[in-house]
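Have a look at the structure first, then read on.

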Amino acid sequence: MSTEYHILIVDGYTLLRDILSDFFLKEPDCLSARAVPDIVSAIGCIQETPVSLVLLDGNLPEGQASTFLDRLARLSLKVPVLILSSGDRKSTR
């Protein structure tokens, strides 16, 4: 059974995207680690290339993680999503 995977990192901060991409690309089973700054770019990546896991910033400037998950569902795109956040906004509670 293959354990190779493709990661998509969705985060508004360039530095964090670069750090996470570098980290995953050092893993022998990671075939790709793409990084994008926003939801629109992320949806485009998922539609174009295989993605095994999305690492999603829970507090993107243009929308909450729920916006991304809603768009995935409307487009019938099935991919595991791990939401990363240093905290939450009161509006998400």
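Start with isoleucine 19: it is partly exposed, with a relative accessible area of 47% (buried means under 20%, exposed over 50%, partly exposed in between, using a 1.4 Å probe and protein chains only). Isoleucine 19 sits in helix α1. Together with Tyr13, Leu15 and Leu16, Ile19 makes a nonpolar surface patch of about 450 Å². Patch members have over 30% relative accessible area and no salt bridge, and nonpolar side chains are joined within 5 Å; a salt bridge is a Lys or Arg side-chain nitrogen within 4 Å of a carboxyl oxygen of Asp or Glu.

A word on the source: this is a predicted model, where local features need pLDDT of at least 70 and side-chain atom pairs count only at pLDDT 80 or more, while totals for chains, interfaces and linings use all residues. Residues are numbered from 1 along each chain, and side-chain values use heavy atoms, leaving out hydrogens and water.

Now the sheet. Four strands form an open, parallel sheet in the order β2-β1-β3-β6; strands are DSSP E runs of at least two residues, helices H or I runs of at least four, and two strands pair with at least two bridges. β2 and β6 stand at the edges with a single partner each, so one side of each has no neighbour in the sheet. Inside, four bridges join β1 to β3, and leucine 8 stands opposite valine 54 in β3.

| Helix | Strands | Angle |
|---|---|---|
| α1 (residues 14-25) | touches β1, β2 and β3 | about 175 degrees with β2 |
| α3 (residues 65-74) | lies across β3 and β6 | about 165 degrees to β6 |

How values were computed:
Contact means heavy atoms within 4.5 Å. Axes are lines fitted to C-alpha atoms, for helices over the stretch in contact, and angles run from 0 to 180 degrees between N-to-C directions. Patches are made of residues with over 30% relative accessible area and no salt bridge: like charges are joined within 9 Å, nonpolar side chains (Val, Leu, Ile, Met, Phe, Trp, Tyr) within 5 Å. Accessible areas come from the Shrake-Rupley method with a 1.4 Å probe; for residues, only the protein chains shown count as cover.
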